[in-house]
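Welcome! Here is a short tour for someone meeting this protein for the first time. Take a look at the model below, and then we will walk through it together.

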Amino acid sequence: MRSEQLRRDLSQYVDGELSTELRTELEEHLVSSEEARGYLAQLELLRQHLRYEPAVLPPDITERVLAAIQPEPSRHPSRRRLSIAAAFAAGVVGGAAFIGLVLRQPAQVAAADIPARVVAAQSEVASLTARLDIIERGWHPAVPERTFSGNISYRAPESVWIEIHDTTPYPSTAWVPNDTSVVVDEDVAWTRGVAGCPTEALPHCTPPEPRLSVLTDREPFPDAASAPLDLIVPAAGFTRAGEPESLGLKRIGQREAAGVEVTAAQVASLLEGLAATGNWRDIHPTDRVELWLDRDALVPLALSVFPADTSDRRLWAIRRGYTDDPGIALLEVTWSEVAINEPVPDEFPSPPPAALAPSAGFRAEPLPDLQELTPRRVPEGMRTHRTGVVSTVSGPSVSVASWSDGRAWLKIRSTMDWGGRWLFGDLGTLVRPVPLGTGVAYLNERGDRVALHSEQVDLVVVGSLPTEILLDVAGSLGVIGEQVPVDWTEAATATLDEARAAVAGLIVPHDLEGFGPPAIRVDNDVAILAYAGPGNRGFRLAETVETALSPPFEANVRGVAVRGIEGRYSPDRGVLEWIEGQLTMSLTSTTLSLQELIMIAEAMAAP
């Protein structure tokens, strides 16, 4: 392409004025041309200061939506979702997975039942074996499609063995096959796979020898070196989930399958389990996922990932050297020859003998009958799993007790010598205080960690179970939780009433299905509210008494219309900002699309 023509085309491209055919041609050229990408970066920098683009809402189709759902009575008559979501229904029909809007079809499986059934199904799967077949597209222009085959074996509650073999016919021997191994077996975890490389540096940047990582003395269900349990039953993607869009029923192999449409962010734990090691392409959090689950056991049977068709997502792909067609699946995974609750090997492979094997510090041993580790109530069917003590040079001594029932698990960690000025248990800076008995407990944003602080002990209850069950277990420990000291990080934790008192004119989202109550923090005249959804879906809302937006520092910032007000959006940081009255508003998410953030903004009103 001549430079003069390239400049004109790029200018039209960033303004959204290029035809579909020319846009596709230009995007393909951007992947291979450093000069073109340089021009694009310059234009984005100019656009940051010069462009204003109103975000036009689709037409009101409320009547059609109401007519579509009229044949089936609502299970939730108190919901008021349609008045907000109907304006965005056109986007849903086009393939974007927006919040809380589903057009259900008669005679198909009720998608509303699936989240609760997936979470409950954890207890029913004690073992699983399956063959894995994978197709990956768009990894590199010289290798547009890669194929893999492998096997997965699972033994409850936390032992997983995955072997994946690369069957791709590469252009030459310079390309290193992406063979991977992942093994988690009780207190040992290890992975083996090639190192990841940027697209533009392939194939010569890939070391010929695979990278080996080993961890021993692993405590049960740790945050680090965790078992990819969502490959067995994708509970993390459906805990706290709203009603997904149903894809109906179909047969996959010998099994009846129920399909749902979600986003990659919602099933991030499942996707990360597949790519736990090795060199794989990136998946954007807003990409559309068609997930098929065994109708009865709710184990995965098939998964397809399609690129989201938005300008921000296309720019993200260009920067990574991808040429993704929204109609072609980036990733297809099939679980076949599935056997559930049948015998699997008693022992999984040990790490190679020459591997370095650092210790995580866990020592298995029976624990004394300590009050803080002996709940009076655990869910029916759960049995004691592994117990012991974690001792490290720099940290406190931590007692650990765990319970399991199939793939479902529960863990309590406690210490009597906590020296931090923040809650024990890695809850993060934004937490939600909840009454518990005569005391108080603290929940993290996602609602899967419950912390208690007292003069005698600090502890956390964590697990793959719903928040209300974790709270019930914590409440049965007999520990009366106290408020954190005033110099701790979480001392700024607030209630909604306290946030409203601190920030006059505060408004918050209403009627958003699939998101729990917010964790709130107030620092002087700034209120921050964190909302968590299923998987990695979530957003933060910040409101401050300020009447001017600070200057943007990113090149790729553009104007949008939000709530009838001129605002701006930074796709690099996922930040939507505007000024309303005497407040500066900011909605931030790296896992929701701009359209979803605008939807959330439109749903905001006084508490």
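What share of the contacts in the protein chain with a separation of 6 or more comes from residues 24 or more positions apart? Such residues account for 64% of these contacts, where contact means heavy atoms within 4.5 Å.

A word on the ground rules. This is a predicted model, in which local features need pLDDT of at least 70 and side-chain atom pairs count only at pLDDT 80 or more, while totals for chains, interfaces and linings use all residues. Residues are numbered from 1 along each chain as its sequence is written, and side-chain values use heavy atoms, with hydrogens and water left out.

## The chain as a whole

The protein chain has 12 helices and 28 strands; helices (H or I, at least four residues) and strands (E, at least two) are DSSP runs, numbered from the N terminus. Of its 607 residues, 53% are buried. Buried means under 20% relative accessible area, exposed means over 50%, and partly exposed is in between, with a 1.4 Å probe and protein chains only.

## Cores and a buried helix

A nonpolar core is a set of buried Ala, Val, Leu, Ile, Met, Phe, Trp, Tyr and Cys residues joined through side-chain atoms within 4.5 Å. The largest one has 54 residues, and those with the most contacts inside it are Leu128, Ile152, Leu291, Val299, Leu303 and Trp335. Strand 11 (residues 331–340) gives the most to this core, with 5 residues. Apart from this core lies another, of 31 residues, including Leu597 and Ile598.

## Empty spaces

Rolling a probe the size of a water molecule over the atoms shows where empty space is left. On a 1 Å grid over the protein atoms alone, a cavity is a set of points where a 1.4 Å probe fits but cannot get out; a pocket is an open set with protein on both sides within 12 Å along at least five of seven lines, and lining residues have an atom within 4 Å of a point. Grid points are joined across faces, edges and corners, and a volume is the space filled by probe spheres set on the points.

There are 3 cavities of 30 Å³ or more. The second largest cavity has a volume of about 50 Å³, and its lining includes Trp139, Arg146, Trp175, Leu202 and Pro203. The second largest pocket has a volume of about 1,000 Å³. It is lined by 41 residues, of which Pro222, Asp223, Ser226, Ala227 and Ser269 lie nearest its centre. Strand 4 (180–185), strand 5 (188–193), strand 6 (211–215), helix 8 (268–274) and strand 19 (458–463) are the elements that give two or more residues to this lining.

## A disulfide and some backbone details

A disulfide is a covalent bond between the sulfur atoms of two cysteines; here the rule is a pair of cysteine sulfur atoms within 2.5 Å. The count is 1, and this disulfide joins Cys197 to Cys205, with S to S at 2.2 Å. Is Cys197 buried or exposed? Cys197 is buried, at 17% relative accessible area, while Cys205 is partly exposed at 27%.

Most residues other than glycine have a negative phi, and most peptide bonds are trans.

| Site | Feature and value |
|---|---|
| Ala156 to Pro157 | cis, omega near 0 degrees |
| Leu202 and Pro203 | cis, omega about 5 degrees |
| Asn524 | positive phi, near 55 degrees |
| Arg563 | positive phi, near 55 degrees |

Pro157 lies in the loop between strand 2 (143–155) and strand 3 (159–166), and Pro203 is in the loop between strand 5 and strand 6. Asn524 sits in the loop between strand 21 (519–523) and strand 22 (526–532) and is exposed at 73% relative accessibility. Arg563 is in the loop between strand 24 (558–562) and strand 25 and is partly exposed, at 24%.
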